[in-house]
Amino acid sequence: MNKTLLVLFIAALFASFSWAKPVAATSYLYSVPDSAWQESLGNHRAVISVAKSADVAHLAFRWRRADADVANHRFIIVESASGDTVPSIQRISVDNQLCDIKFGPVKAGTYYFYYLPYNVQIPAGGFTNDYVRLAPGSESAVLKGKSVEAKVMKVESRTVHDSFFPMEIACSDAEMQQYAANYQRPFYVFGEDRTLPVRMRHALPFSWLSYVQGQTLNLSAQPNEYYAFQAVLWSPAAALDSVTYSISDFTGTAGVIPSKLVTCFNHEGVNPDGKSFIKRISVAKGAVQPLWFGIDLPSDAAAGTYSATLSFKSSAGDVQSLPISLTIAGAPLADRGDSETWRHSRLRWLNSTLGIADAPTDGFSPMSVAGDTVRFSGRALVTDASSPLPSQLMAGNNKLLSAPMRFVITTADGDKSFKAVPSVIESTSGHTLIGWQAEDADLSVSCRVRSEFDGWSDYSFTILPKRDLKVSDIRLEMDFLSASTPLFMGLGLAGQETPVSYQGTWKSKGELVRPVGTPEPNIPHDEWLYPFDSFWIGGAHAGVQCEFRGADYTGPMLNLYLPAPPVSWNNGGKGGFRISRVGTAVTRVTAFSGSRDLHAAQPLPFEFSLILTPVKSLNTASQFTDRYYHCLDHPIPTDSDINAGVRIINVHHATFVNPTINYPFLTADKLRNFVSEWHSRGCKVKVYYTVRELSSVFTELWAARSLGNEILHTGGGGGYPWLREHLVSDYVPQWYHRFLDFTMPDGISADAAILTAEGETRWFNYYVEGLRWLVKNTDIDGIYLDDVAFGRQILKRMRRAMESVKPGCVIDLHSNTDFSRGPANQYIEFFPYINKTWFGEGFQYNHMSPANWLVETSGIPFGLMGDMLQGGGNLWLGMQYGMTSRRPWVTDDKICDPRPVWKVWDSFDIAHSSMIGYWEPDVPVVSDNPAVKVTVYRHSDGRTLLSVGNYSDSTLNVHLKFSKSVFGKNVAKMQLVAPEIANFQNAATWHVSDAISVAPKKGWLIYLQK
């Protein structure tokens, strides 16, 4: 039996109106069949009947479509009984309202008219297929002879998800003109329930032709429900600008619901920083603008019927009103309605401030200020006596600066000198704020420094000229101790040893292209991709990132790592950066902006931020015990995987547990059951959940669209047919994935994501609330982040949201080096809040220097550990940093299998050993060739495992040198034993004095034994 949607009896509808012109009436049944037809035939069809055989049948199908390009699709008409395709079709008139065609020859019977066939795509990624287009010369033959009329019996959609009915059955222009003429209002207001989100932007739904202006909108809710509804503005005669609304209290015999409990999401909101804002409501001429409202009903709201009036006032002073009747009945909703997404109660999450707090997150100490020193967890910033800038940066006892940092303004008379004593404005456990101001006859210079508990500080300088003045440069000079800062990354450079000399300029967006997959060392610095806005310098135990700010930039994954240059620093292309060695002990990094004219009373801002590293203590035990199972399409480990030590399961999107990208709420019950099962087997479960793109099946899609470009990115459209048929235009298609092994409710057969807006949006607020909801309601143990667009403030909120429900949740972060130089540099501000990195996509492990491995890949200088990805990584060199691949990720047609190495980990009990990397000054074992490195894993009882790695392109025979202070004189009597490890090494034994042959880009795992 068909799933019938509704029958429209148009004749009765039109009887209530007195029209200036007659309007064609049509009575169609809209439904969905029990079984979906072949996908390639498209998502829509008309079921038509032909009463008798004829050479020609005529069909006038008033299909009332809102999608684009309706005349450029191939038509397919199939006889239902035989399955034969009608050979000839003649188009008489095809537009968005009417499809007038002839076809034949025909026999008496039922026919299916498919009018949107497309080429199905199986592979995931970007949807590159298209509709089956009208071929030149086809459907152009003139069909002659007496025709029989074909009748539309019903209009069917392939699935419920594909249906246009009822909100995308469009009125014609004439019908809308007649509706306007009938009421003659300055503008029009329609009320609609949450269950029928308004979709079309430029046409009224056909069902609204029976809507009487001023009729009451009837709503039904339960106590403690956050109730959402729509009020829709339409102005066919003129644009509306700066519309305001007012709503009365809801009054009834049972009491009063105050109007202050009502929110219009299109008008008022709270940004991701927790600040309230007001949006202007404007409606273009002829546009249909839904406004989404929410009523925050209290849990003790008395049962009964309440009445209110919602009024809208245009800037011209015209007022239109919508009466509302709200009936409250039933038991209070325990969760405000959030467990049932169709209620749209989660719209209130858009204005959430969850996680905004002025206190450290778990694992960090409260900040303190003592004299000129600001202390973070294990790090310190010493402020200069006469400047707001640091005189010293410290991690532990490791100092980074050889002299105070300097903000220099140079004129024709030389460098200006500004001195004043900084003052503490605010000091809490979560942040400090320091102010500073100095001046001379020409300029007033001020600075505010905000430092936060995670080691981040932001310096915001403002230069205020007292008169017009020419300057030759404004720059920041940083003198680092070369011995403390041997490693560098950023400003267009991959992770490497700190250069002795280097210079560049800020680049304009899109200028540079890096060939994908090209080994990093073979490309000169001026061909690297963006961005050039930041750098990190330091070593394994102390370092600092400096980011030059001032452009509209809020997250690392903004527009594929292509932020605009920071405006003041760039100075129209005059600005840049340079690295130079001052003597042998000092490395100077300078950011300069070049010459410019300053104008009286016109402030000029300069901003940069610092974050001290490492951001946390290295947790090697977790690295060796919390082993990842990460499979793109099958999130179920085998018994062998569990026995090998898998303890964390990453549930990717496009799986039966988590099918829709960045919206894991539609299958929450399945996710909850999955988590429960794997918790019983000793595993944690994390899900893919980010924000840069968003599944198009998310419930709040149409409410988000009503907000313009606030949440969803504008663009040229295209992509998967569902997007083209329903969103039509003004969107950017992203990831596409067709479900092959499972189906979803409402017949959803594929996930087709769309791009979210750049910058900070209220969807970030929703995202944070969604994270707490997932932890609370599905018991997940954390999330997997895949290149995201938000910044560190959201990471802090996420941490607090998870910790409020389940302390100890885990976040791991993935990035792709094919987009930019150094994803580690891009994401340093995230590192205080994540547990692990997976920066392996696009990495060329066999071409990376030890410095590149350490800085860009391992995470170790920042207090993190990581896993390898591309091609499974390099098994031998990865062990230098305690890294393996993830089981059983598929990459370069290879299934990653680190289990043989994990077996060695377990037999040695590596989790309880100390890791002493080759980069440590006191590493107790070294080779006699600098191209061969040794990392030592050593227990307190003396048991020792050596990771030997050859970074050169040649086989090298090396001798190992052992520290007598660590191993004693008896080391000469010991043996080196390499165990058999599948796909890694054959068994071998050496005396400690023997030469060891190490193949290029490979190595050994060797026990030191008596």
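Just after helix H14, Asp909 takes a positive phi of about 60°; helices here are DSSP runs of H or I of at least four residues, strands are E runs of at least two, both numbered from the N terminus. This is a predicted model, where local features need pLDDT of at least 70, side-chain atom pairs count only at pLDDT 80 or more, and totals for chains, interfaces and linings use all residues. Residues are numbered from 1 along each chain as its sequence is written, and side-chain values use heavy atoms, with hydrogens and water left out.

Back to H14, residues 899–908: its buried residues are Arg899, Val901, Trp902, Val904, Trp905 and Phe908. Buried means under 20% relative accessible area, exposed over 50%, partly exposed in between, with a 1.4 Å probe and protein chains only. Of the 1010 residues of the protein, 60% count as buried.

Now the aromatics. The whole structure holds 76 aromatic pairs. Rings of Phe, Tyr and Trp (its six-membered ring) pair if their centres lie within 6.5 Å; planes under 30 degrees apart are stacked, over 60 edge-to-face, the rest tilted. Phe764 and Phe790 are edge-to-face, at 5.8 Å centre to centre and 85° between the planes. Phe764 sits in helix H9 (residues 762–778), and Phe790 in the loop between strand S51 (782–786) and helix H10 (792–803), 26 residues apart. Phe764 is buried at 3% relative accessible area, and Phe790 at 0%.

Trp838 and Trp889 have ring centres 5.2 Å apart and planes at 80°, so this pair is edge-to-face. Trp838 is in strand S53 (residues 836–841), while Trp889 is in the loop between helix H13 (875–878) and strand S55 (890–891). Both are buried.
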